[in-house]
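Please look at the sequence and the model, then read the points below.

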Amino acid sequence: AIKYRLGSRATPIVNTAIVGAFAGATKLVGLDAVKQAIEDLVPMKQEDNMKAAEEAYNGVEIAS
């Protein structure tokens, strides 16, 4: 969220990144569905929110 300037440095808005991480960890929701939801529901900085969600989706590592 900070990397994509979502919110402020002191108070980043992390919700789309968290949704991306959740989708990546569980595979209950696909990345395309997350991006579509951002397009449909997020009024500002859609592209940056999609990038944050995608980076979180691809960055999840599950320890076994």
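This is a predicted model: local features need pLDDT of at least 70, side-chain atom pairs count only at pLDDT 80 or more; totals for chains, interfaces and linings use all residues.

Is Glu-54 buried, partly exposed or exposed? Glu-54 is partly exposed, because its relative accessible area is 29%, and buried would need a value under 20% while exposed would need one over 50%.

**Salt bridges**

- The count of salt bridges comes to 2.
- Side chains of opposite charge can pair when their charged atoms come close.
- Lys-35 is partly exposed, with a relative accessibility of 24%.
- Another salt bridge is formed by Lys-3 and Glu-55, whose closest N and O atoms are 3.0 Å apart.
- Here too distant parts of the chain are linked: Lys-3 is in the segment before H1 and Glu-55 is in helix H3, 52 residues apart.
- Lys-3 counts as exposed because its relative accessibility is 59%, and the cut-off for exposed is over 50%.
- Glu-55, at 37% relative accessibility, counts as partly exposed.

**The largest pocket**

- Rolling a probe the size of a water molecule over the atoms shows where empty space is left.
- The volume of the largest pocket is about 180 Å³.
- Its lining consists of Arg-5, Leu-6, Gly-7, Ile-13, Asn-15, Thr-16, Val-42, Met-44, Lys-45 and Asn-49.
- Sorted by class, the lining of the largest pocket holds 4 nonpolar, 4 polar and 2 charged residues.

**Residues in the pocket lining**

- Asn-49, one of the lining residues, lies in helix H3, which covers residues 46–59.
- Asn-49 counts as buried because its relative accessibility is 6%, and the cut-off for buried is under 20%.
- Asn-49 and Ile-13, both in the lining, are 36 residues apart in sequence, and their C-alpha atoms are 9.6 Å apart in space.
- Arg-5, also in the lining, is found in the segment before H1.
- Arg-5 is exposed, with a relative accessible area of 65%.
- The phi of Arg-5 is near 55°, a positive value in a residue other than glycine.
- Lys-45, another lining residue, sits in the loop between H2 and H3.
- Lys-45 is partly exposed, its relative accessible area being 40%.
- Lys-45 is not a glycine, yet its phi is positive, at about 50°.

**Nonpolar surface patch**

- Phe-22, Leu-28 and Val-29 make a nonpolar surface patch of about 290 Å².
- Leu-28 is placed in the loop between helix H1 (15–26) and helix H2 (31–41).
- Leu-28 is exposed, because its relative accessible area is 67% and the cut-off for exposed is over 50%.

**The segment before H1**

- Pro-12 is found in the segment before H1.
- Pro-12 counts as partly exposed at 28% relative accessibility.
- The C-alpha atoms of Pro-12 and Ala-1 are separated by 5.8 Å, and these residues are 11 residues apart along the chain.

Notes:
Residues are numbered from 1 along each chain as its sequence is written. Side-chain values use heavy atoms; hydrogens and water are left out. On a 1 Å grid over the protein atoms alone, a cavity is a set of points where a 1.4 Å probe fits but cannot get out, and a pocket is an open set with protein on both sides within 12 Å along at least five of seven lines; lining residues have an atom within 4 Å of a point. Grid points are joined across faces, edges and corners, and a volume is the space filled by probe spheres set on the points. Ala, Val, Leu, Ile, Met, Phe, Trp, Tyr, Cys and Pro count as nonpolar, Asp, Glu, Lys and Arg as charged, and the others, Gly among them, as polar. Patches are made of residues with over 30% relative accessible area and no salt bridge: like charges are joined within 9 Å, nonpolar side chains (Val, Leu, Ile, Met, Phe, Trp, Tyr) within 5 Å. Accessible areas come from the Shrake-Rupley method with a 1.4 Å probe; for residues, only the protein chains shown count as cover. A salt bridge is a side-chain nitrogen of Lys or Arg within 4 Å of a carboxyl oxygen of Asp or Glu. Helices (H or I, at least four residues) and strands (E, at least two) are DSSP runs, numbered from the N terminus. Buried means under 20% relative accessible area, exposed over 50%, partly exposed in between (1.4 Å probe, protein chains only).
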